[in-house]
Amino acid sequence: MVTISVIKADIGGWVGHSGVHTDLLEAVREALEEGRQRGVILDFYVAYCGDDVNLIMTHAKGVESPEVHELAWQAFQKATAVAKALKLYGAGQDLLVDAFSGTVRGLGPGVAEMAFEERKSEPIIVFMADKTSPGAWNLPLYRMFADPFNTAGLVIAPSLHQGFRFEIHDIMESKRILLDAPEESYDILALIGAPERYNIKAVYSRSTGEIAAVSSTERLAHVAGRYVGKDDPVLIVRAQSQFPAVGELLEPFTFPHLVPGWMRGSHTGPLMPVSLAQSRTARFDGPPRVVALGFQIANGKLIGPVDLFDNPAFDEARRMANQIADYMRRHGPFEPHRLPLEEMEYTTLPDILQRLASRMEDINGHRPARSEELEKMPEMEVE
Ligand code: F6R
Ligand code: MG
Ligand code: MG
């Protein structure tokens with residue numbers, strides 16, 4: 001069995017919340033190389049997306065390994081020290097506690113992990129997004145594994161024809177449900193169409209029972225009880241043979257769908273597919289973006305990455321995302337560009353509502369205020 005663990009955190013931005021400083025990547029690489037030499041992990045690749053550092057690691061210790069999680073935690077701690085020395089923005093922001101307690105889950109970083117028997121050839125894609133939250137994967141995951149207009153293999157490949165099983169998490173109630181596509185497609189859509197509450201955690205092949213995809217579903221704000229940035233999710237997907245082809249996994253991202261996040265984690269915007277080099281956010285701290293790194297796994301080694309969106313085939317999606325960004329931005333502080341009130345709960349909006357609360361009057365039975373009742377405005381000075 002080989003395990004792939006992708007553990008990510010924002011441990012300081014350069015500049016602001018836009019990107020990652022190379023010294024952080026270096027610090028993390030050193031820490032992981034030391035872990036590799038000690039035999040904790042087999043191989044690793046240090047990636048980034050916007051202001052997030054993504055540790056992509058292979059090992060033989062299974063999911064939720066305390067040793068692997070501790071290595072990731074220490075790597076982030078070391079890089080945080082570098083971020084603090086450089087006074088990078090929000091140094092250590094996603095490391096919400098001081099003490100490590102056997103798992104990084106619930107401590108701030110995002111985690112996606114899967115373990116499986118390595119196939120004769122094992123292509124995988126690691127998707128990483130910045131300035132959005134885990135629900136952003138719902139639409140593309142549905143397209144990949146349940147939509148025959150996206151994935152031709154569902155119709156014409158016997159190995160995919162039985163369909164896939166979706167594990168959906170209700171992140172508000174901490175519950176989960178398993179639903180099968182295609183029979184229960186409408187039930188799946190009824191839930192995942194509300195991505196702020198229901199997230200697809202994993203997908204399994206129904207012909208072999210094997211894991212096909214796993215996402216990170218941590219909700220930082222829920223962990224911290226206040227707004228501490230969006231969760232900037234990751235997703236691991238296996239490709240080819242009994243799973244969708246690489247091109248079928250990339251296809252959903254030709255449509256830059258609307259996701260929550262962007263500026264101050266409080267706006268709806270298009271998810272733009274970009275290369276690693278272009279993952280740095282810019283306009284209005286965005287728009288939200290996604291990077292896709294492809295690897296072949298060979299005896300636990302990561303052969304790659306191949307930067308899959310670094311391709312003219314995604315130019316149109318980027319162009320469309322820019323047009324959508326223009327359109328959405330013109331709404332300024334109005335919904336639906338700004339997120340609905342329930343989603344603004346963890347921002348500073350409640351403080352503003354609190355400040356206005358004492359001035360809220362009952363309107364039942366009231367007539368509109370007459371001008372003499374209004375507080376007298378200061379006289380305007382006219383030259
Ligand atoms: C969104 C994000 C940024 C910040 C914004 C304000 O996830 O990280 O858009 O929210 O730059 O940041 P502060 O409040 O740190 O100045
Ligand atoms: Mg940040
Ligand atoms: Mg981020």
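This is a predicted model: local features need pLDDT of at least 70, side-chain atom pairs count only at pLDDT 80 or more; totals for chains, interfaces and linings use all residues.
Biologist: Let's start with charges. How many salt bridges are there in this model?

Modeller: The count comes to 21 salt bridges. Look for a side-chain nitrogen of Lys or Arg within 4 Å of a carboxyl oxygen of Asp or Glu. Asp52 and Lys8 make one of them, with their closest N and O atoms 3.6 Å apart.

Biologist: Which parts does the pair of Asp52 and Lys8 tie together?

Modeller: Asp52 lies in strand β3 (residues 52-59), and Lys8 lies in strand β1 (residues 2-9), so the pair links parts that are 44 residues apart in sequence.

Biologist: Is Asp52 buried or exposed? And what about Lys8?

Modeller: Use the cut-off here: buried means under 20% relative accessible area. Asp52 has 1% relative accessibility, so Asp52 counts as buried. Lys8 has a relative accessible area of 2%, so Lys8 is buried too.

Biologist: Now a helix. Where do Arg36 and Glu33 lie?

Modeller: Both are in helix α1 (residues 22-37). They sit three residues apart, about one turn of the helix.

Biologist: Why is Arg36 called partly exposed? Why is Glu33?

Modeller: Partly exposed is the range between the buried limit of 20% and the exposed limit of 50%. Arg36 has a relative accessible area of 31%, so Arg36 belongs there. Glu33 is at 25% relative accessibility, so Glu33 counts as partly exposed as well.

Biologist: What about Arg143 and Asp147?

Modeller: Their side chains also meet in a salt bridge, with 3.6 Å from N to O. Arg143 is partly exposed, at a relative accessible area of 26%. Asp147 is buried, at 15%.

Biologist: Which residues are joined into one network by salt bridges that share partners?

Modeller: Arg119, Glu122, Glu210 and Arg238.

Biologist: On to empty space. How is it found where space is left?

Modeller: A probe the size of a water molecule is rolled over the atoms, and this shows where empty space remains. For a cavity, the probe fits but cannot get out. A pocket is an open set of points. Here there are two cavities of 30 Å³ or more.

Biologist: How much space lies in the largest cavity, and what lines it?

Modeller: The largest cavity holds about 40 Å³ of space. Its lining is Ser133, Pro134, Gly135, Pro195, Glu196, Asn199, Arg219, Pro260 and Glu343. By class, that lining divides into three nonpolar, three polar and three charged residues.

Biologist: And how much space lies in the largest pocket?

Modeller: About 370 Å³. Of the 20 residues that line the pocket, Gly193, Pro195, Glu196, Leu258 and Pro260 are the closest to its centre.

Biologist: Which elements supply at least two residues each to the lining of the largest pocket?

Modeller: α3 (138-146), α5 (185-192) and β11 (258-261) each do. Sorted by class, the lining of the largest pocket has twelve nonpolar, five polar and three charged residues.

Biologist: Last, the surface. Which residues make a nonpolar patch?

Modeller: Ile352, Leu356 and Met360 make a nonpolar surface patch of about 280 Å². Take Met360 as the case to check. Met360 is found in the segment after α9 (349-357). Exposed means over 50% relative accessible area. Met360 has 64%, so Met360 is exposed.

Conventions:
Residues are numbered from 1 along each chain as its sequence is written. Chains are lettered from A and ligands numbered from 1 in the order in which they are written. Side-chain values use heavy atoms; hydrogens and water are left out. Patches are made of residues with over 30% relative accessible area and no salt bridge: like charges are joined within 9 Å, nonpolar side chains (Val, Leu, Ile, Met, Phe, Trp, Tyr) within 5 Å. Accessible areas come from the Shrake-Rupley method with a 1.4 Å probe; for residues, only the protein chains shown count as cover. Helices (H or I, at least four residues) and strands (E, at least two) are DSSP runs, numbered from the N terminus. Buried means under 20% relative accessible area, exposed over 50%, partly exposed in between (1.4 Å probe, protein chains only). On a 1 Å grid over the protein atoms alone, a cavity is a set of points where a 1.4 Å probe fits but cannot get out, and a pocket is an open set with protein on both sides within 12 Å along at least five of seven lines; lining residues have an atom within 4 Å of a point. Grid points are joined across faces, edges and corners, and a volume is the space filled by probe spheres set on the points. Ala, Val, Leu, Ile, Met, Phe, Trp, Tyr, Cys and Pro count as nonpolar, Asp, Glu, Lys and Arg as charged, and the others, Gly among them, as polar.
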